[in-house]
Amino acid sequence: MTVKLKEHERIDDLQRNGYRIIQDPERFCFGMDAVLLAGFAHAEAEDSLLDLGTGTGIIPLLMEARYHCARLTGLEIQSESADMAARSVVLNGLSDKISIVTGDIKEADSLFPSASFDCVTCNPPYMIGNHGITNPDAPKAIARHELLCNLEDVVRQTAKLLKPGGHFFLVHRPFRLAEIMVTLTKYKLEPKRMQLVYPYVDKEPNMVLLEAVRGGKSRMTVEKPLIVYREPGVYMPEIYEIYGY
């Protein structure tokens, strides 16, 4: 399948099922956090999945490649990113399985029926406020800072859209871990699994991966740490496996 590229766009190989993705380096390209979230998450072939703030659609593409979910939906507020995601779906011949919806996370419950998804994933903006931002309308600023939605918006909408017993998968920053746990439990999303990600074995963690279950019982497993680099430019074996190399 071929699609027309716009100025500055490129096609990148995802190393999974031959899938490719359209990206614009001048806007925003997916990072390792999205790939690690897809590697941490799990789903069944019959599941329906919603990715909140899907960007250019990286997580639905990776989740389809890994788990062949029955139905995957990406919600994205930035129309240019949603357009790239939709064209990537066409590029990979997945229009019958993946849908891209342009809309606001804060209004997701008006776009989709309540309790209609088995899984929800989210790689949200990590940074609070707009300190240091020169252009709050820039795609990179919107992706990185809580300008258009915040953590509570994401969790509140997830709780509405997940089926009872459904799974929520989130990647975030460890410095907000206490806030994340409080917010999850406030909306009856029980944290069940956590993994900290360290850039190097002797450095502090810079990511946290979390799984929560709607209405789950209070018991959480903390998985062994995930170390990204053995040395500069050389991944640990677990990272190569997640990337599919």
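**Figure 1. Burial of leucine 49 in the predicted model.** Leucine 49 has 0% relative accessibility, so this residue counts as buried (under 20% relative accessible area; exposed is over 50%, partly exposed lies in between; 1.4 Å probe, protein chains only). Its place is in strand 3, residues 48-52. Strands are DSSP runs of E with at least two residues, helices are runs of H or I with at least four, and both are numbered from the N terminus. This is a predicted model: local features need pLDDT of at least 70, side-chain atom pairs count only at pLDDT 80 or more, and totals for chains, interfaces and linings use all residues. Residues are numbered from 1 along each chain as its sequence is written, and side-chain values use heavy atoms, with hydrogens and water left out.

**Figure 2. Surroundings of leucine 49.** Leucine 49 touches Met63, Arg71, Leu72, Thr73, Phe117, Cys119 and Thr121. Residues up to four places away in sequence are not counted. Contact means heavy atoms within 4.5 Å. Alanine 34 lies 15 residues from leucine 49 in sequence and 15 Å from it in space, C-alpha to C-alpha.

**Figure 3. Cover over helix 1.** Helix 1 is mostly covered, with eight of its nine residues buried. These are Met32, Asp33, Ala34, Val35, Leu36, Leu37, Ala38 and Phe40.

**Figure 4. Helix 1 against helix 2.** Two packed helices are described by the angle and the distance between their axes. Here the axes of helix 1 (residues 32-40) and helix 2 (residues 58-67) come within 9 Å and cross at roughly 35°. Axes are lines fitted to C-alpha atoms, for helices over the stretch in contact, and angles run from 0 to 180 degrees between N-to-C directions. Helix 1 contributes Ala34, Val35, Leu37, Ala38 and Gly39 to the contact. Helix 2 contributes Ile58, Ile59, Leu62, Met63, Arg66 and Tyr67. By class, the contact has nine nonpolar, one polar and one charged residues (Ala, Val, Leu, Ile, Met, Phe, Trp, Tyr, Cys and Pro count as nonpolar; Asp, Glu, Lys and Arg as charged; the others, Gly among them, as polar).

**Figure 5. The setting of the close-ups.** The protein has eight helices and 13 strands. Its C-alpha atoms fill a box of roughly 50 × 45 × 40 Å along the principal axes. Buried residues make up 50% of the 245 residues.
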